[in-house]
Amino acid sequence: RGIFGHPHLWLGVLCLFLYVGVEVMAGDAIGIYGQGFGLPLDATKHFTSYTMLAMLAGYLAGLVLIPRLVSQQRYLAISATMGVLFSLGAYVTQGYVSVGCVAALGFANAMMWPAIFPLAIRGLGRHTEVGSALLIMGIAGGAIVPQLFAHLKQHANFQLVFTGLMVPCYLYILFYGLRGYRVGLRDGDGARSR
């Protein structure tokens, strides 16, 4: 099979694109998000460090839990679910509590890259290098998703725009962690997953 005969890879490229987008949103756009509430610059300039601390906690949790207690794909699904919940939490709250929900996305995002990448290149064989290159190109999501936020928040409520971008991304990541990583792969009986 050629590179186009591995749909789980292409689904993984989109997954990585969206993941990097939400990661950058949680880390870099959090200051702009806080300014939307009129919070002072002295406070908002530190918000990125809170996301990074949450991400560090997520790395430590992943180190302890994967693979002894939970598989990569299960942890990916759990992380995506947390991403949806924290994004919704950011929408239904205000001020520092809302910003805290955005910072907590760092915890949800921490172990996504190390789960998506190996799931996407699984079974590629001689196409592993090309598949890896395609996945690396997915990093472009970190430039595009925040730009969408910056543009759309000029025309609508910034919390609504933030949630409207983040929740669909996390839902797709959830799909990939539950099913997408298996699409097109052959199981032990030689039948292809659908």
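The axes of helices H1 and H9 come within 7 Å and cross at roughly 55°, where an axis is a line fitted to C-alpha atoms, for helices over the stretch in contact, and angles run from 0 to 180 degrees between N-to-C directions. H1 covers residues 7-28 and H9 covers residues 141-152; helices here are DSSP runs of H or I with at least four residues, numbered from the N terminus. H1 and H9 are therefore oblique to each other, since angles under 35 degrees count as roughly parallel, over 145 as roughly antiparallel, 65 to 115 as roughly perpendicular and the rest as oblique. H1 passes H9 in a right-handed crossing; a crossing is right-handed if the near helix is turned clockwise from the far one by less than a right angle, and left-handed if anticlockwise.

Before going further, a word on the model: it is predicted, so local features need pLDDT of at least 70 and side-chain atom pairs count only at pLDDT 80 or more, while totals for chains, interfaces and linings use all residues. Residues are numbered from 1 along each chain as its sequence is written, and side-chain values use heavy atoms, with hydrogens and water left out.

Which residues bring H1 and H9 together? On the H1 side they are Phe17, Val20, Gly21, Val24 and Met25, and on the H9 side Gly141, Gly142, Ile144, Val145, Pro146 and Phe149, with contact meaning heavy atoms within 4.5 Å. Leaving out residues up to four places away in sequence, glycine 21 touches Gly141, Gly142, Val145 and Pro146. Is glycine 21 buried or exposed? Glycine 21 is buried, with a relative accessible area of 0%; buried means under 20%, exposed over 50% and partly exposed in between, using a 1.4 Å probe and protein chains only. Glycine 21 and cysteine 169 are 148 residues apart along the chain, yet their C-alpha atoms are separated by 8.3 Å.

That brings us to the cysteines. The structure holds zero disulfides, a disulfide being a pair of cysteine sulfur atoms within 2.5 Å. For cysteine 15, the nearest cysteine sulfur is that of cysteine 169, 9.8 Å away. Cysteine 15 is buried, at a relative accessible area of 0%, and cysteine 169 also counts as buried, at 6%.

H1 and H7 have axes that come within 8 Å and cross at roughly 165°, so the two helices are roughly antiparallel to each other. Their crossing is left-handed. In H1, His8, Leu9, Gly12, Cys15, Leu16, Tyr19 and Val20 meet Trp113, Ile116, Phe117, Leu119, Ala120 and Ile121 of H7.

H7 (residues 113-121) packs with H5 (residues 72-92) as well: the axes come within 9 Å and cross at roughly 130°. H5 and H7 are therefore oblique to each other, and H5 passes H7 in a left-handed crossing. Gln72, Gln73 and Leu76 of H5 make the contact with Pro114, Ala115, Ile116, Pro118 and Leu119 of H7. In the loop between helix H4 (47-65) and H5 sits proline 67, which a cis peptide bond joins to isoleucine 66, with omega at about -5°.

Serine 132 is another residue in contact with Phe117 and Ile121, leaving aside its neighbours within four places in sequence. Serine 132 lies in helix H8 (residues 128-137) and is buried, with a relative accessible area of 17%.

Where does lysine 153 sit? Lysine 153 is in the loop between H9 and helix H10 (158-178). It is partly exposed, at a relative accessible area of 31%, and touches Ile32, Phe158 and Val161, not counting residues up to four places away in sequence. Lysine 153 and cysteine 15 are 138 residues apart in sequence and 24 Å apart in space, C-alpha to C-alpha.

Finally, the record. An unreviewed UniProt entry lists residues 9-27, 47-66, 75-91, 97-121, 133-152 and 158-178 as "transmembrane region"; such annotations may be inferred rather than shown by experiment, their feature names are shortened, and positions are in the numbering used here. In the model, residues 75-91 are 100% helix and 0% strand, with end C-alpha atoms 24 Å apart. Residues 133-152 are 85% helix and 0% strand, and their end C-alpha atoms are 30 Å apart; strands are DSSP runs of E with at least two residues.
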